[in-house]
Amino acid sequence: MFKRILIANRGEIAVRIIRACQELDIETVAVYSDVDAEALHVQLADYAYNIGPADAMKSYLNMDAIIMAAKASKSEAIHPGYGFLSENADFAEKVTKAGLIFIGPSAEIIRQVGNKDAARAAMKAAGLPMTIGSEPIVNNEHACNLAGEIGYPVILKPVSGGGGKSMYVANNQLELISALNKVDVTRSPFYLETYISEARHIEVQIMADTYGNVLHVGERECSIQRRNQKVLEESPSSALTPEMRTTVGAMAIRAAKSIYYTNVGTVEFLLDVKTGKFYFMEINPRIQVEHAVTEMVTGIDLVRRQIRIAAGEPLNKKQEDILFIGHAIECRINAEDPEQCFIPSPGHIDFYHEAGGPRVRVDSGVCAGMTVQPHYDSMVAKVIAHGRTRGDAIKIMRRALAEYRISGIKTNISFQQEILNNPHFCSGNIDTQFVYKRMTPIQEAECEIDNENKKYYSQG
C-alpha cells in the first residue's frame, strides 16, 4: 500500500480523497492555488504545496507543477479526483513517466474512451447497442447532409468532451445551423447522434482490477439535469425491472472487459422510455461526482477501492457478494442563484450549518468563514440521504435540506427542494427533460457576467 499520495484537485473531492487516505493510514499531499491557501482540503492534508495563481490553467491544470510537487513531497501516487486533469491522458502518461502511480485507468484507456468516435467503434465491436452516430463534421453543409441521413431530431456533441457540455439538440435544419453557429467544428471536432426525446440517463458503476476481474456496483439514475448538467442523482433507478438491471449491468461489464479497463469507472447509457431499450453513451474513466449514492446502497467505499486497485490489490469479491440495500438520493449544492438564471454566486460564507441526523451524509469542501472562489466550479457540497425505500429517502432529503443553512452566498437549495416536492418526481415520472417540462418555467437565456474580464456561464 502507498505511504503518501498527492491529490491533484481541490474542494469537495479533494476532501473526500483525503478522508479515504486517512482511513487507509496514507499520508496526503494537497496542492493549492494562491487563492486556496486557506481552503479546507489544504487544512486537512498532511502536507500542502502552492502550484500557482488562481487561474486554473496556471495551477490545477499545470501538469508540470503538480508532478514537481509530487516529486518534492516524495509522494508515490497521484489521485486526480474528477474534473481538471482526471480525464487527461497526457497527464496520466506524464505521471507514469515520472515514476509515479496514476490512480485511475492507463493513459491508453483514457484516450480511447475520451474520443467518442473511437469509444463508439470499440463498443459497437463489443456488441453494445447504440444510437445512430455520424463521422466528425467538416462544415455546416456536411452537418446538414449527415442530419438528413440520420433523421431529426439529432444532438450535436463534441468528439472529445464530457460533463454534458457543448451539446445542442436540433429538431430541424434551422435549429442545427443555429447550434453550429455556437461552436467551431474546424477547431474542435463534433459529431451528430440520434436524439431520444424521452430518455432516462442510467449509468452503471464498475470496478476492475489489474487481474482481469470486473464487477458492476449497480446503476444510478441521473435524469434530473439542467443544461445537460446533472442536478440530482439516485440509486437504484425506479425505472428498471430486475431483468433490465441484470441486462444493463452485464453490458457495462462487457464494455469494460472489451477495452481491458482497470480501476473504477462508469459506463453510461440512455434508456428509451418508449421502448425500454438501452443505448451506450460513453465511459467515464474516473470517480464520478455522484459516487456517494452507490456507496450508500452497497457499503463499498469506491475511493478506497480506487487506491487499493492502483496499489495492485485484487478485488477479492464476486458479483453475488455485492448487496444493494435501500435507496439513496444525492443533491448537488451549488453556489448559484436560481432566481437569476443560476448565475454563479461566489463570496464569503458568513454562516454555515450542515444538514445532519440519521441516514444523512454531507460531502463538503467548505465551512463557515471560507470564501467560495469565482475561478472554479460552483459546487460547494453534496447532500446524500439513504432510506429503506425511495419515498423514505425523499422524506429524509427534504428534512436534511430544510435544516441546511448557508448565508453570505446564494445556493440552489430551494431549487432542489422544488424538485423533491414535485409530484412527478415523487412518482418516478422523470426523464432528462424533467426540469423543463415539469417544473416552474426557468429563464433559459444565456446568463453571463463579466468579472475581471472573465466570463462565467450558468451551465454550472
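1. The hairpin of β10 and β11 has 2 residues between its strands, and within this hairpin R227 adopts a positive phi near 55 degrees. The two strands pair in the antiparallel sense, with 4 bridges between them.

2. The confidence of the prediction should be kept in mind throughout. The mean pLDDT of the chain is 93, and 95% of its residues reach 70 or more. Residues 443-460 form a stretch where pLDDT stays under 50, and the model has 37 contacts beyond four places in sequence for them. Where pLDDT is low, the predicted coordinates should not be read in detail.

3. Strand β10 also pairs with β9, again in the antiparallel sense, here over 6 bridges. Across this pairing, I206 stands opposite H216 in β10. The hairpin of β9 and β10 has 5 residues between the strands, and G212 in this hairpin takes a positive phi near 90 degrees. As for burial, 13 of the 13 residues of β10 are buried, so the strand is largely enclosed by the rest of the structure.

4. These strands belong to an open sheet of 8 strands with antiparallel pairing, ordered β13-β12-β9-β10-β11-β14-β21-β19. The edges are held by β13 (278-284) and β19 (360-364); each has a single partner strand, so one side of each is left without a neighbour in the sheet. On average, neighbouring strands of this sheet are turned by 25 degrees against each other, direction ignored.

5. Further along the sheet, β14 (residues 327-334) and β21 (residues 379-387) run antiparallel and are joined by 8 bridges. Within this pair, I329 is placed opposite A385 in β21. Two helices pack on the sheet. Helix α9 (residues 242-258) touches β9 (199-208), β10 (214-226), β12 (263-272) and β13, and its direction makes about 110 degrees with that of β10. Helix α10 (residues 291-298) touches β9, β10, β11 (229-235), β14, β19 and β21, its direction making about 155 degrees with that of β14.

6. Helix α12 (residues 390-403) has 14 residues and reaches 20 Å from its first C-alpha to its last, close to the 20 Å expected at 1.5 Å a residue. Its buried residues are R390, D392, A393, I394, I396, M397, A400 and L401. The cover over these buried residues includes strands β11, β14, β19 and β21, together with helices α13 (413-420) and α14 (423-426).

7. A second open sheet has 5 strands in the order β3-β2-β1-β4-β5, and its pairing is parallel. At its edges stand β3 (47-52) and β5 (101-102), each with a single partner strand, so one side of each is left without a neighbour in the sheet. Strand β2 (residues 27-33) and β3 pair in the parallel sense over 5 bridges. In this pair, S33 is found opposite G52 in β3.

8. Helix α1 (residues 11-23) has 13 residues and spans 19 Å from its first C-alpha to its last, close to the 18 Å expected at 1.5 Å a residue. Of its 13 residues, 10 are buried, so α1 is largely enclosed by the rest of the structure. The buried residues are G11, E12, I13, A14, V15, R16, I17, I18, A20 and C21. After the helix comes D25, whose phi is positive, near 60 degrees.

9. How do α1 and α11 pack? Helix α11 (residues 302-310) meets α1 at an angle of about 65 degrees, with the axes 9 Å apart. The crossing of the two helices is right-handed. On the α1 side the contact is made by R16, I17, A20, C21 and E23, and on the α11 side by V303, R304 and I307.

10. T131 lies in the loop between α6 (116-125) and α7 (140-150). Its relative accessibility is 8%, and T131 therefore counts as buried, the cut-off being under 20%. Leaving aside residues up to four places away in sequence, T131 touches R120, E193, T194, I196 and Y279.

Definitions and conventions
Residues are numbered from 1 along each chain as its sequence is written. This is a predicted model: local features need pLDDT of at least 70, side-chain atom pairs count only at pLDDT 80 or more; totals for chains, interfaces and linings use all residues. Side-chain values use heavy atoms; hydrogens and water are left out. pLDDT is the predictor's confidence in each residue, from 0 to 100. Contact means heavy atoms within 4.5 Å. The expected span of a helix is 1.5 Å times one less than its number of residues. Buried means under 20% relative accessible area, exposed over 50%, partly exposed in between (1.4 Å probe, protein chains only). Two strands pair if DSSP finds at least two bridges between them. Axes are lines fitted to C-alpha atoms, for helices over the stretch in contact, and angles run from 0 to 180 degrees between N-to-C directions. A crossing is left-handed if the near helix is turned anticlockwise from the far one by less than a right angle, and right-handed if clockwise.
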